[in-house]
Amino acid sequence: MRMAIDESAAAQGVSSPNPPVGAVILGRDGTVVGRGHTQPPGGPHAEVMALRAAGAAAEGATAVVTLEPCDHTGRTGPCTAALIDAGVAAVYFAVADPNPTAAGGAATLRAAGLNVEAGVERCAAESGPLRPWLFRQRRGRPLVTVKLASTIDGRIAAPDRTSRWITGEQSRRRVHAQRARLDAIVVGTGTVLADDPALTARADDGALLPHQPSRAVMGRRAIPVGARVADGIAPLHHIRSHDPAAVLDALDEALWVLVEGGPSIIGAFLAAGLVDEIDAYLAPMVLGGGAASVEIPGITTLTDAHRFSLAAVDTLGDDVLVRLTRTDDAV
């Protein structure tokens, strides 16, 4: 199952709005004979990809899947039928499908005589690449991550507005790897006008990674002709509103959204209660002045603070990544 979870990471961002699922086929002797992950919408699901890789070795084999095999016909046929037709003898899956349209796969497989085990490594699967999809199924909106990159005293730019490369190379590499698994990045028109960001996912050599997230720009000011966010590399959504809920509504098929700022945009999402986790990249420098990383009007006392739980602390070169989650967060 851990191998299937790792496999599912390759589908993240690519499969949306479908879940990023991974599957592994074990032959009769227990060796891996096939593995696969969900393809872009309209393409094969993880089980079908793994069965294709296994070929004739799928007869009498065991399928290990991160999500309960689907039992309905949409743009593709049911995965239950594919498993049964291939002669698979047993299916182990981690997470029951919460979507009533696709659920019921376990019962169909059992009725066909297959041995079915549910809940294998469920917690690991729910906290892995499936998490944003499960979040959307249960909350009706995308999972929202805020990215902060600041000095240790919370500054994102010096008083003279210089800000490039506050954090180091390893932090930037992680951000680009994360972007390659996201559905959309949100910034404000102010950031577009001031910084002209590309908002792309890039390799170390600057080459574009295979999956590029959509760009979502919120605000009423016009996006300049020639702005890099409008270069056609990825879809552009200009939401002429200052309401974070309107932004998420416009990204109606997104599973995972990254809010990259600036300070007032991040503050608006926090004030609206629409931030589920924060990735705070802290550089080992002190400015003592300049722009703060977050601006939330109206907060005057500690009791009004937005509180999060500490999820992890990692070092990235000289930087520290502090990962926070909502205290009431549950998939």
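User: In which element is Cys 79 found?

Analyst: Cys 79 is found in helix 3. Helices (H or I, at least four residues) and strands (E, at least two) are DSSP runs, numbered from the N terminus. The model is predicted, with local features needing pLDDT of at least 70 and side-chain atom pairs counting only at pLDDT 80 or more, while totals for chains, interfaces and linings use all residues. Residues are numbered from 1 along each chain as its sequence is written, and side-chain values use heavy atoms, leaving out hydrogens and water.

User: Is Cys 79 buried or exposed?

Analyst: Buried means under 20% relative accessible area, exposed over 50%, and partly exposed in between (1.4 Å probe, protein chains only). Cys 79 has a relative accessibility of 1%, so the residue counts as buried.

User: With which residues is Cys 79 in contact, leaving aside its neighbours within four places in sequence?

Analyst: Contact means heavy atoms within 4.5 Å. With those neighbours set aside, the partners of Cys 79 are His 45, Glu 47, Pro 69 and Cys 70.

User: Where is Cys 70 found?

Analyst: Cys 70 is in the loop between strand 3 (62-67) and helix 3 (79-85). With a relative accessible area of 8%, Cys 70 is buried.

User: Which residues does UniProt place under "binding site"?

Analyst: The unreviewed UniProt entry gives this feature at His 45, Cys 70 and Cys 79. Such annotations may be inferred rather than shown by experiment; positions follow the numbering used here, and feature names are shortened.

User: Why can these residues be said to gather at one spot?

Analyst: They span 35 residues in sequence, yet no two of their C-alpha atoms are more than 9.2 Å apart, so they gather at one spot.

User: In what order do the five strands form the open sheet?

Analyst: Strands of a sheet pair through backbone hydrogen bonds, either parallel or antiparallel. Here the order is 2-1-3-4-5, with mixed pairing. Strand 2 (32-37) and strand 5 (115-117) are the edge strands, each pairing on one side only. Two strands pair if DSSP finds at least two bridges between them. Strand 1 (residues 22-26) and strand 3 run antiparallel and are joined by four bridges. Within strand 3, Val 65 stands opposite Ala 23.

User: What is the place of Glu 7?

Analyst: Glu 7 belongs to helix 1 (residues 2-8). At 13% relative accessibility, Glu 7 counts as buried. Apart from its neighbours within four places in sequence, Glu 7 is in contact with Gly 22, Ala 23, Arg 35, Gly 36 and His 37.
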